[in-house]
Amino acid sequence: MRELLFIEPVFKEAIWGGSRLKEVYNYDIPSDHTGECWAISAHRSGDCKVASGTYAGRTLSSLWKEQRELFGKAADSCEEFPLLVKIIDAREDLSIQVHPDNTYAAEHENGSLGKMECWYILDCDEDGTIVIGHHAKDREELAQMIGEGRWNEFIRQVPVKKGDFFQIDPGCVHAIKGGTLILETQQSSDITYRVYDYDRLSNGKPRQLHVKQSIDVIRAPFVENRDQQPVLTADTDNGKKYHLVTCAYYTVDKVEVTGHWEEDFGSSFANVSILEGEGTVDGIAVAKGSHFIVPAGYGTVEFKGRITFISSQAV
């Protein structure tokens, strides 16, 4: 039988990052300005390694290239490992930003994938908000508002609470606000266009903005995605399962285990992140902050304990 692939995260420091990745998950982070834990990634900017077992020390990108059978049908349809799972700790506000789609990124970013993503709110301030969308009525007003720096008029903020979920398509203006901790599931891309960065300095200089590219790709007017409420798909004495989203690139579910839970992820691999609690997975001890890949065709995975996990699969 194939084995579960436990993954060593890669950490990224950021001007807006903090120390909660250590405080909450006991990760060995590089500094108190650590913004991102790339928990499951084969991207060249952060290629995770397998922590134990047969493939210990191997990078995820090398497994994708050389052990295609581990990834099932996804390996037949994708040239590169398709997904990237992160935990993001925003001690301060992130820049107002937008991501391109595959077509724009391929043309303007050396063949890169675009970036569709979704956020699960792990924790936030009591009166927390995030930026989703904008108030420009059309593309002409969009360019005018950005050009004139009318940020308070332009930016759309929405209240947020722990457990909320948001799907963010390419072309959607967005930003995580300070005090927010999220799990992000996304296409394997690192292309971000900054529209506005609060005039902050990094090493004494303003960070690069991408105003032209942002105006190119932002969709106007903004149309709210109202189909973002978790759907209860299984409810037993041992746990509950919620479907969060299915889009063109991934499908994401959340399971709250209260005893014993079995899951078969079928003919494609699955990324699994333990968000809360502790227990075992096929007899292996796990706790919040554990991340692993279930290989394609693995069969039934047995979760025991009181744990909450999110799983994602490529579509």
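**An annotated arginine and its surroundings**

Mentor: Arg 194 has its place in strand E15, residues 193-196, where helices (H or I, at least four residues) and strands (E, at least two) are DSSP runs numbered from the N terminus. The model is a predicted one, in which local features need pLDDT of at least 70 and side-chain atom pairs count only at pLDDT 80 or more, while totals for chains, interfaces and linings use all residues. Residues are numbered from 1 along each chain as its sequence is written, and side-chain values use heavy atoms, with hydrogens and water left out.

Trainee: Which UniProt annotation covers Arg 194?
Mentor: UniProt positions are given here in the numbering used for this model, feature names are shortened, and annotations may be inferred rather than shown by experiment. With that caution, the unreviewed UniProt entry gives Arg 194 the annotation "active site".

Trainee: Which backbone oxygen does the side chain of Arg 194 reach?
Mentor: Contact means heavy atoms within 4.5 Å, and, leaving aside neighbours within four places in sequence, Arg 194 is in contact with residues including Ser 95, Arg 207, Gln 208 and Ser 214. At 2.9 Å, the side chain of Arg 194 reaches the backbone oxygen of Gln 208.

**The binding site**

Trainee: At which residues does UniProt place the feature "binding site", and why do they gather at one spot?
Mentor: The unreviewed UniProt entry places this feature at His 99, Glu 117 and His 174. They span 76 residues in sequence, yet they gather at one spot, because no two of their C-alpha atoms are more than 10.8 Å apart.

Trainee: Is His 99 buried or exposed?
Mentor: His 99 lies in the loop between strand E8 (96-98) and helix H4 (102-108), and, not counting residues up to four places away in sequence, His 99 touches Glu 117 and His 174, among others. Buried means under 20% relative accessible area, exposed over 50% and partly exposed in between, using a 1.4 Å probe and protein chains only. With a relative accessible area of 2%, His 99 is therefore buried.

Trainee: With which side chain does the side chain of Glu 117 make a polar contact?
Mentor: Glu 117 is found in strand E9 (residues 117-123), and at 2% relative accessibility Glu 117 counts as buried. A polar contact is a pair of N or O atoms within 3.5 Å; within protein, one must be able to donate a hydrogen and the other to accept it, and residues adjacent in sequence count only if both atoms are side-chain atoms. At 3.1 Å, the partner of the Glu 117 side chain is the side chain of His 99.

**Cysteines and a loop residue**

Trainee: How many disulfides does a search of the whole structure find?
Mentor: A disulfide is a pair of cysteine sulfur atoms within 2.5 Å. Cys 37 is in no disulfide, with the nearest cysteine sulfur, that of Cys 48, 7.5 Å away, and Cys 78 is in no disulfide either, with the nearest cysteine sulfur, that of Cys 247, 12 Å away. For the whole structure, the number of disulfides found is zero.

Trainee: Is Ile 29 buried or exposed?
Mentor: Ile 29 lies in the loop between helix H1 (20-25) and strand E3 (34-40), and, not counting residues up to four places away in sequence, Ile 29 touches residues including Phe 11, Gly 18 and Thr 34. Because its relative accessibility is 12%, Ile 29 counts as buried.
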